[in-house]
Amino acid sequence: LVHDAGRLHAVLDRLPAPIYLVDLDQRVVFWNRRAAEVFGWSAADAVGRPVVELIPPADESRAEVEALGARLAGESGPWETDVHV
């Protein structure tokens, strides 16, 4: 299991897209190399911080981001989402 987790970490870290994972408190728990390049924060600086400090939502989407955070905090997972990039 530890080997598989390490392999997954390595794959996520090397993806060409910025990938970050947050916990239920919206604090960063994973920040890949591309996220560091795109957003300008190293993984060491990003992990443990609230994601909104690192990537503030646009004013028009702030309410949506807050509503999603409240929903995730109040519901047990797993969750699915579609993301358009």
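**Surface, fold and salt bridges of the chain**

Val22 is partly exposed, with a relative accessible area of 31%. On this scale a residue is buried under 20% relative accessible area, exposed over 50% and partly exposed in between, with a 1.4 Å probe and protein chains only. The areas themselves come from the Shrake-Rupley method with a 1.4 Å probe, and for residues only the protein chains shown count as cover. The model is a predicted one, so local features need pLDDT of at least 70 and side-chain atom pairs count only at pLDDT 80 or more, while totals for chains, interfaces and linings use all residues. Residues are numbered from 1 along each chain as its sequence is written, and side-chain values use heavy atoms, with hydrogens and water left out.

Val22 sits in strand β1. Helices (H or I, at least four residues) and strands (E, at least two) are DSSP runs numbered from the N terminus. Val22 also belongs to a nonpolar surface patch of about 290 Å², which it makes together with Tyr20, Val38 and Phe39. Two elements, β1 and α2 (33-39), each give two or more residues to that nonpolar patch. To get into a patch, a residue needs over 30% relative accessible area and no salt bridge; nonpolar side chains (Val, Leu, Ile, Met, Phe, Trp, Tyr) are then joined within 5 Å, and like charges within 9 Å.

Gln26 is partly exposed, at a relative accessible area of 25%.

As for the chain overall, it holds 5 helices and 2 strands. Following the sequence, these run α-β-β-α-α-α-α. Along the principal axes, the C-alpha atoms fill a box of roughly 35 × 30 × 25 Å. Of the 85 residues, 16% are buried. The chain exposes about 6,600 Å², and carbon and sulfur atoms supply 58% of that. Among contacts (heavy atoms within 4.5 Å) with a separation of 6 or more, 16% come from residues 24 or more positions apart.

Charge comes next. The chain has 8 positive and 14 negative charges, whose mean positions are 8 Å apart. Here Lys and Arg count as positive and Asp and Glu as negative, with His and the chain ends not counted. Each charge is placed at NZ of Lys, CZ of Arg, CG of Asp or CD of Glu.

Side chains of opposite charge can pair when their charged atoms come close. With a salt bridge taken as a side-chain nitrogen of Lys or Arg within 4 Å of a carboxyl oxygen of Asp or Glu, the count comes to 4 salt bridges. One of them joins Arg33 and Asp13, with N to O at 2.7 Å. That pair links distant parts of the chain, as Arg33 is in helix α2 and Asp13 in helix α1, 20 residues apart. Asp13 is buried at a relative accessible area of 12%, whereas Arg33 is partly exposed at 46%.

The C-alpha atoms of Arg14 and Arg33 are 6.7 Å apart in space, although the two residues are 19 apart in sequence. Arg14 is found in helix α1 (residues 2-14) and counts as exposed, at 54% relative accessibility.

A second salt bridge, between Arg34 and Glu37, has its closest N and O atoms 2.9 Å apart. Both partners lie in helix α2, 3 residues apart, which is about one turn of the helix. Arg34 is partly exposed, with a relative accessible area of 33%, while Glu37 counts as exposed at 56%. Arg49 and Glu53 also meet in a salt bridge, at 3.1 Å from N to O. Arg49 is partly exposed at 26% relative accessibility, and Glu53 is partly exposed too, at 44%.

Ala73 and Leu24 are 49 residues apart along the chain, yet 5.8 Å separates their C-alpha atoms. Ala73 has its place in helix α5 (residues 62-74), and at 53% relative accessibility Ala73 counts as exposed.
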